[in-house]
Each structure stands twice: as structure tokens, then as C-alpha cells.
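Here's a short tour for anyone meeting this structure for the first time. Have a look at the sequence and the model, and then we'll go through the contacts one group at a time.

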Amino acid sequence: MEFFDSLIQIRSYWKPCKKWEKEQQDREIQRQELHKKYPTSKEELAKANQYGRTVIDAINTMDQYSINKGQDMEIMSGAGKSLINLGGMGIGAGITFLSLLTKSGRKLIDGNNELRWLLLGVSGFAGSFVSGIFANIIAKFYEKEASRVARYQAREIELQDTRDFVVYTPEQVQQAEKLAQNISDDAPPKAKKSGVIAEYTGAVKSILHLSRDYKNYANWKAKSVIAEEQKPALFNVMDTTPEQIENAKSDRDNLLNVVKKIEIESQNYLSNVEMAINTALACEYIAGGIAGGAVSLAVLAGQQFKMIAKDSKNANLLKKLMPFVAPQLLVMFATPYFIKLEKEAAKIGRFKAKQDLLSDPNSFISYNDDQKKTVSGIKSPPKKKMTFVETIKHDLYLIEQFKKDYKDYKNYKKTSEKNELKLNKALKHMEVTPEQMKEAKHLQKNVFYTFEKMDEKTQRYSNDIVAAADIAKMFSTLGITGIAIYCIDKLLVKNLSKNGIDTKTMINRAKEHQEKYAGAFVLATLLGMGFEILAVKMKKHAIKVGLMSSMNDLQDPKNFIHMETPDGFNDKIDITNNNADNNETNPSVSKQAKEFLKIPG
């Protein structure tokens, strides 16, 4: 099962990732030294800047498309989890209800309705708890699938035009800037309907759009898996020149560096906002329980003042269920708004990464192995390890920083982005050389391949570690609640047991202290907020583990060799036949590989 496989892989990479982080910091310091040691001409910097903008824009498009669809699925899966929890509660209580109709069940109850409701409540809670475990795993599975199909759609729909990957010359950019001055602004998009129903409706439409392409994605995935398995053998027969290898290393270094920085920034922003949101959801859950309790008390008061019949089945059922149902409903209604905020957080993270990368065009200048060796002895200063409390303070600071960055991002949307969009339109009207189109096609393939590999692992590992953390939080909350109740009532239970009081009396006596149980639950929920901070920390590390693993997979420069091959974004290794429905590999694959891998691009 992918969920457990991910956890095993994350665990195996957990410690090595610390060393990898230090190596990345060293390389960053070494890159800065290389910039000083081997200065670049203005022409090269201008080309590097345009290269960087082209790559970043493409990655931003794919990343946002992936996150949007994944979070649209999260809206539905969040509602689904609430419904599954309610369903589990109903099944647990239903099984107990039926068992109490048996002869032994009637004997146990012996007319004690309070005991009956207590047993139904306990079994309902148990059913909700068990179903919640499976609901978390299933929800994250569908969120991952949504992101995967979205990446496929982004390649096939949003970025199919090779012109989006042309690296324009400074002269072409200057001409386009003049042309852009005569291009009018796009009409503002129609305001989207707001509200819970509108958010859920939009999510449903988005998921239906994904489902239409799921078969195409599955066919592509089947071919891709086979191609990846054959890649080592294909690399062994690949004829390359030293120049091709050097160019491939340059592409590798630049693309891995850009994708890494964008992934870390967007996911860090997203994770910190998720921490704040999950804390808010916990508070809402408590508020929902209080609201449900208030409704129960109102019904009880109505019965006491004879405004509601004491034997009313509907009123009694409402009185018993509201404290359990109200929190689930409140969370279900709040989820779409919080998911919308998460989407904005990811956008801001990429916006900040783009600003940082483009502020120094040297970010897109690569160096050969001999040049790298001259600075290999330079190491970054040891990074001070933050304590858990310091980490919390840092994350809270980042949440506060989010407000400022959000304002900057909105200003960018109103001003600079409009000019960038007009410039991109103007660039499409520039004449480009066949060599530029050929390079654009190669860049398109490499960007697609790199982002697919890296985003797949970061999304997979981060989602699965979050699911595991949520399940662990459920068990910890249950344990803390149990410990709190035990500590509160141990003397009471001990005394009752010593005095030989029977079980029914013990339960009825304990019911007199039910407000203590409610307090214990609230305490456990509040402590669960602290667990959220730990979960976010684990998620951030899992993202780095995903980046490390995928970057290791892509270290061979042959992954980035430009070859003229059959169709498919990863053409250099996609050698399966077109009939992907039966998932069979072309029997003459090895012969074909030797044929087309010798044709230089």
C-alpha cells in the first residue's frame, strides 16, 4: 500500500536528509563564490534572466494547477471525512442498538435508559474513531491522485504550446516591450460566487474536469512506469558527446535548483498557514461541541418548563445527538473557506521564490565540474539548531509575515503582473529562429520531466506524513482524554469499587461528573493544537526528503540529454507502444532504443 510504503521511505531517508540539507547550504555558498570568481557578461546574464523567467512561469503554472486541483479534492474529502465520521458513529451506535434488542442486551439494560444512551454514545464514538483512521488515508490518496492528474492536464492543456518555453534574446524582449505598450489590459475576470455552496459546487466541477482525463492520465502513467524501469538499460546504450553531457549537466543544475526553491517556499507557506487553519478548526470543533451542548440544554429547558414534551422522541434524539453532530457540521461548512486561504498561501510562497530567484540572474548561471572543484572546500557556517520552542516562535513569525507578503502579492497582481501578461502576449508575436524552437522543445521536455519527478515525491510524502500525523493525533487525543478522566475520577471509581457498588450504579454516579469528561475532551483538543505544530514540522521535513530523493534520482545528466524521439513528454525514455490499455511493452524495445537514442538532438 502506497501510504505505508511512503512512511517506510521517509523513515529511511529521515537522517540522511539532514546531511543533504547541509550539502545544499554548502553548494549555495559555493555558487555565490563561483559568481565572484567567474564573472558573467551582461549578455549572458540577460539570457539567463529570460531563461529563469521562462522556467519559473512554467513551473508556477504546473504547481498552482496541481495545488488547486488537489485542494479542490481536499474540500470534498474534508466533507467526506465528516460524513464518514458521522457514518461510522451511526454504524457503531447501530450495532450496539441491535445488540441491545437481544435477550442478553435487554437483561443488561434492565430498563435503564441512561445506561442504554451511554453504551450507544461509547460505541458511536468508537465507530467514528475507527472510520476516521480509514477516512484520513483514503482522503489523502484521492488528494494525491487529483494532483497527479492536474500535473498531466497542465502539461497537455496549459503548457502544450512550445512557444511558452522559448528563451528570447534581449533584442526580441525590447521589441516585445514596445509592442506590449499598445496591448490593452485583459478584461477583469467575472467575480466568482462566494459562499459554502458555491465553493462546494466549484470543487465538484473541478473534480469532474479531472475525472474526464483520468483514463488518459492512467494510460500515460502505465507507459511512464515501464519506461522508467527500462531507463538504466537505455542509458547504457545511449551514445552521447562530451558537449551533450556538459549541456545536460547545466540543465540539470539549473532546473533542480529552481524547482527545489519554488517547492520549498510554496510548501513552507502552505504548511504554516495549514497549522493556523488546523488550530482554528480545533477551536471550531470545540465551539461546535459547545453549540451542540447549548441546543441540548435548550431542549432540556423546554422539557422542564413543559414547552416540549418529555417523551418526545425527536426532542430526546436531538438532545443526545447535537453535541456530536454539531462539531462535524461546523467543520464541514468552514473547510471551503480555509482551503481557499491555503491556495493563496501557495501562490504567495511561489511569488516570494520568484522574486528571490529573479533578483539575481546569476541564479541561472551554471558552472562545469572543473570550476566547481575550485570552490569545493568552501563550507557554509554551521546552522544553529533551533529548539522546539524556537521553532514554534519562528513558525508563528512566518504566519505574521504572511500578512505582509499577502499585501505585497496583491499589489503585484494589480500592477506588475498585468505588464508581465501583456509582455508575454507580445513575445508570442516575435519571430523566432528554428534553433530557438528546437531549444524550446528540449526545455519543455526537461521542465515537464523534472517537475513531474520532484513534485510527485514532495506531494506524496507530505500528504502521507500528514495522514499519519492526523491518525497519531487521534490516538493521542483519545489517550489524553482517557488519562484526564482517570486522573479526575480515580478516587471516585476506587471508592465505589471498594464499597462493592455494582456497575450500573457506578455508571450512574460517574454520569453526575459528566462535565469533567467534557472538560477532559476540551483539554485533549487544546493539547492537540500543540501536536499540529509538530505535524507541520514533520511535513516540512518530509517535503525535503521528497526533494532529496527525487534529486538523487535525477543526478545522471543523461536524464536531460536532448534526443529526437517518439512522442511523450519524457521522450528520451518513452519507448512503449501506443496501446497503453494493455500495458505491454513493444517486444522490439531494445532494438528501438538503440536506434533512436543514437540520434542527437
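Let's begin with Glu 28, which is partly exposed, with a relative accessible area of 25%. Keep in mind that what you're looking at is a predicted model. Which residue does the Glu 28 side chain meet in a salt bridge? The partner is Lys 261, with 3.3 Å from N to O. Glu 28 belongs to helix H1 (residues 2–37) and Lys 261 to helix H8 (residues 242–304), so this bridge ties together parts that are 233 residues apart in sequence. Lys 261 also counts as partly exposed, at 25% relative accessibility.

| Glu 28 | Lys 261 | 3.3 Å |

Asp 161 sits in the loop between H4 and H5, while Lys 428 sits in the loop between helix H12 (416–427) and H13, so the bridge ties together parts that are 267 residues apart in sequence. Asp 161 counts as partly exposed at 37% relative accessibility, and Lys 428 is partly exposed too, with a relative accessible area of 35%.

Some salt bridges share partners, and that joins Glu 2, Lys 144, Glu 145, Arg 148, Arg 151, Arg 155, Glu 452, Asp 455, Glu 456 and Asp 464 into one network.

**Rings, and charges over rings**

Arg 155 turns up again here: its charged end sits over the ring of Trp 220, 4.6 Å from the ring centre. The charged end of Lys 69 is placed over a ring as well, that of Tyr 65, at 5.4 Å from its centre.

Trp 220 also has ring partners, as ring pairs link Tyr 152, Tyr 214, Tyr 217 and Trp 220 into a cluster. How many aromatic pairs are there? The count comes to 11. One of them is Tyr 214 with Tyr 217, a tilted pair at 6.0 Å centre to centre and 55 degrees between the planes. These two tyrosines are three residues apart in helix H7 (residues 214–236), which means about one helical turn separates them. Tyr 214 counts as partly exposed at 38% relative accessibility, whereas Tyr 217 is buried, with a relative accessible area of 5%.

Phe 351 and Tyr 409 have ring centres 5.6 Å apart and planes at 65 degrees, so this pair is edge-to-face. Phe 351 lies in helix H9 (residues 313–358) and Tyr 409 in helix H11 (residues 388–414), so the pair ties together parts that are 58 residues apart in sequence. Phe 351 counts as buried at 6% relative accessibility, and Tyr 409 counts as buried at 7%.

**Inside the protein**

Next up are the nonpolar cores. The largest has 68 residues, and the members that touch the most others are Val 55, Ile 59, Phe 165, Val 258, Phe 364 and Val 447. Which helix gives the most to this core? Helix H13 (residues 434–498) does, with 10 residues. Leaving aside residues up to four places away in sequence, Phe 165 touches Thr 54, Ala 58, Leu 159, Ala 440, Leu 443, Gln 444, Val 447 and Phe 448. There's also a second, separate core of 10 residues, including Tyr 269, Val 273, Phe 338 and Tyr 409.

In helix H5 (residues 170–180), the residues Gln 172, Val 173, Ala 176 and Ala 180 are buried. They cover an arc of only 100 degrees around the axis, which means that they are on the same side of H5.

Over in helix H4 (residues 113–158) you'll find Ala 126. Ala 126 is partly exposed, with a relative accessible area of 37%.

How values were computed. Residues numbered from 1 in each chain as written. Predicted model: local features only at pLDDT ≥ 70, side-chain atom pairs only at ≥ 80, totals over all residues. Heavy atoms only, no water. Buried < 20%, exposed > 50% of the residue type's maximum accessible area, 1.4 Å probe, protein only. Helix = DSSP H or I, 4+ residues; strand = E, 2+ residues; numbered from the N terminus. Arc of directions from axis to C-beta. Core = buried A, V, L, I, M, F, W, Y, C linked by side-chain atoms within 4.5 Å. Contact = heavy atoms within 4.5 Å. Salt bridge = Lys/Arg side-chain N within 4 Å of Asp/Glu carboxyl O. Phe/Tyr/Trp six-rings, centres within 6.5 Å; stacked < 30°, edge-to-face > 60°. Lys NZ or Arg CZ within 6 Å of the ring centre and 35° of its normal.
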